[in-house]
Amino acid sequence: MIKKADPKIAELIKKEEEHHQNIINLIASENYPSQAVREILSSILVMKYSEGRPGHRYYGGMKNIDDIEELAEKRALDLFLGKNQAGPASSGVNWVVNVQPLSGSPANYAILRGLLNPGDTIMSLALAHGGHLSHGAHISLSGKDFKTVNYFLDQKSETLDYEAVESLAKKEKPKLIIAGYSAYPRKIDFKRFREIADSVQAYLLADIAHISGLIAGGVHPSPFPFADVVMTTTHKTLRGPRGAIIICKEELKDKIFPMIFPGLQGGPHNHTIAAIAVALKEASTAAFRKYSEQIVKNAQTLAEELKKNGFRLVSGGTDNHLVLVDLTSKGVGGLEAQEILEKSGIVVNKNMIPYDTRSPKDPSGIRLGTPAITTRGMKEKEMKLIAGWINEALNDPIKAETIRKNVQKLCKRFPLP
Ligand SMILES: Cc1ncc(COP(=O)(O)O)c(C=O)c1O
């Protein structure tokens, strides 16, 4: 169909498909959703306007749309707060959910604008230490509207220093603290963050964009009931379409939800909401638990093999889906490494490491993630091969072409979903 309507675009999509089939995708924030999720994105739902919330819409003809959105909401609550979740999950709190945010950054912005007044202080991990732009970076609207105070990883362990976070909170008295990151390879102690937030009467926002699939699969501690509000994107480890979900305490709903609509957005993307509902159903299965366990096993195997090959890893290893590699001892910068690996068929992103002495455009590190290749079915055996190829390519870039052929051979055995 697309081929007939627009051969140029059809050809480019085909090329992109072939590209993915033939590469090892180690971008930690990417994943390959199921055929069912992808199919829904081009369903009839793309045409529908449904401003408002289920049962309270501006237009008529909403019965099916309401049912879809309510099902997505119910599945989100069941997945993150249902029986399957260990611990004191809901602990008497009434949690409410909004599946309308178009993506993670607008969702975070809506939360900040809902809970705070412009000029208020927020506290977040520095971007260069693994934080995210939407956590108050000066080039983001979140940084223009609010005063951002950053905490930093401990220089020696390269992990969160909860005591330092606490004393900074006591000094700066932020109104809101953010826990949750884009490039942090270790577990987050949300209970400890709750205690810190309580000590200064701050809100706690858990941004689980990267790790929500791991939380759903039971391999990372849950932010419930500790956070006041939890935000996740739906397209990373959760393996859904591009989108976001906010879950917050009921008493905060009237502050936050109107910032999504009408504050920032118009009509919700109903095709995305239906695809999120399907992804949430998939994420509640035993197969998904196994998948998330394998993501972590794969990341840990990749980490160990890289260490054997003389790479230094930030914090010494990983507890989750990503590995942050310091390339200093290999005498290559992050940008060059990214380019050499791309020539070898291995796609990664250059990344700052904590206390980096190089620039963001050519930092000292690369970030490697296992969600996408684990979706393709790769396991420990393949991680060993991949770590070996990364080492060979960076030691001797001339080998890139040979490695690329081996990568393609491996990829043939692991088709995209
Ligand atoms: C921790 C974290 N929060 C928020 C976002 C923003 O998500 P989006 O790219 O959907 O705006 C990201 C994206 O990488 C992220 O890593």
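Arg239 is buried, with 26 other C-beta atoms within 10 Å, where a residue counts as buried if 20 or more other C-beta atoms lie within 10 Å of its own, as exposed if 12 or fewer do, and as partly exposed in between, with C-beta atoms placed from the backbone. This is a predicted model, in which local features need pLDDT of at least 70 and side-chain atom pairs count only at pLDDT 80 or more, while totals for chains, interfaces and linings use all residues. Residues are numbered from 1 along each chain as its sequence is written. Helices (H or I, at least four residues) and strands (E, at least two) are DSSP runs, numbered from the N terminus.

**Backbone angles and cis peptide bonds**

- The phi angle of Arg239 is near 65 degrees, which is a positive value in a residue other than glycine, and Arg239 is found in the loop between S9 and strand S10 (244–249).
- Lys173 also has a positive phi, near 45 degrees, and is likewise a residue other than glycine; Lys173 sits in the loop between helix H7 (162–172) and S7.
- Lys173 is exposed, with 12 other C-beta atoms within 10 Å, whereas Arg239 is buried.
- Phe224 and Pro225 are joined by a cis peptide bond with omega of about 5 degrees, and Pro225 has its place in the loop between helix H9 (212–216) and strand S9 (229–233).
- A cis peptide bond also joins Phe261 and Pro262, with omega of about 10 degrees, and Pro262 is found in helix H10 (residues 253–264).

**The four-stranded sheet**

- Strands of a sheet pair through backbone hydrogen bonds, either parallel or antiparallel.
- Four strands form an open sheet in the order S11-S12-S15-S14, and their pairing is antiparallel; two strands count as paired if DSSP finds at least two bridges between them.
- Strand S11 (312–313) and strand S14 (349–351) stand at the edges with a single partner strand each, so one side of each is left without a neighbour in the sheet.
- S11 pairs with strand S12 (residues 322–326) in the antiparallel sense over two bridges, and Leu313 stands opposite Val325 in S12.
- Helix H12 (residues 286–308) lies across S11, S12 and strand S15 (365–369), and runs at about 20 degrees to S12; here axes are lines fitted to C-alpha atoms, for helices over the stretch in contact, and angles run from 0 to 180 degrees between N-to-C directions.
- Helix H13 (residues 334–343) packs on the sheet as well, touching S14 and S15, and its direction makes about 165 degrees with that of S14.

**Helices that meet H15**

- The axes of H13 and helix H15 (residues 380–395) come within 9 Å and cross at roughly 115 degrees.
- The contact is made by Ala337, Ile340 and Leu341 of H13 and by Ile390, Ala393 and Leu394 of H15, where two residues are in contact if their C-beta atoms, placed from the backbone, lie within 7 Å.
- By class, this contact of H13 with H15 has six nonpolar, no polar and no charged residues; Ala, Val, Leu, Ile, Met, Phe, Trp, Tyr, Cys and Pro count as nonpolar, Asp, Glu, Lys and Arg as charged, and the others, Gly among them, as polar.
- The axes of H12 and H15 come within 8 Å and cross at roughly 40 degrees.
- Residues that make this contact include Leu302 and Leu306 of H12 and Met383 and Ile390 of H15, and the residues of the contact of H12 with H15 divide into six nonpolar, two polar and four charged.

- Strand S8 (residues 203–207) is mostly covered, since five of its five residues are buried.
- In a regular strand the side chains alternate between the two faces of the sheet.
- Both faces of S8 are covered, with Tyr203, Leu205 and Asp207 buried on one side and Leu204 and Ala206 buried on the other.
- Strand S7 (residues 176–179) runs parallel to S8 and is joined to S8 by four bridges, and the bridge partner of Ile178 in S8 is Leu205.
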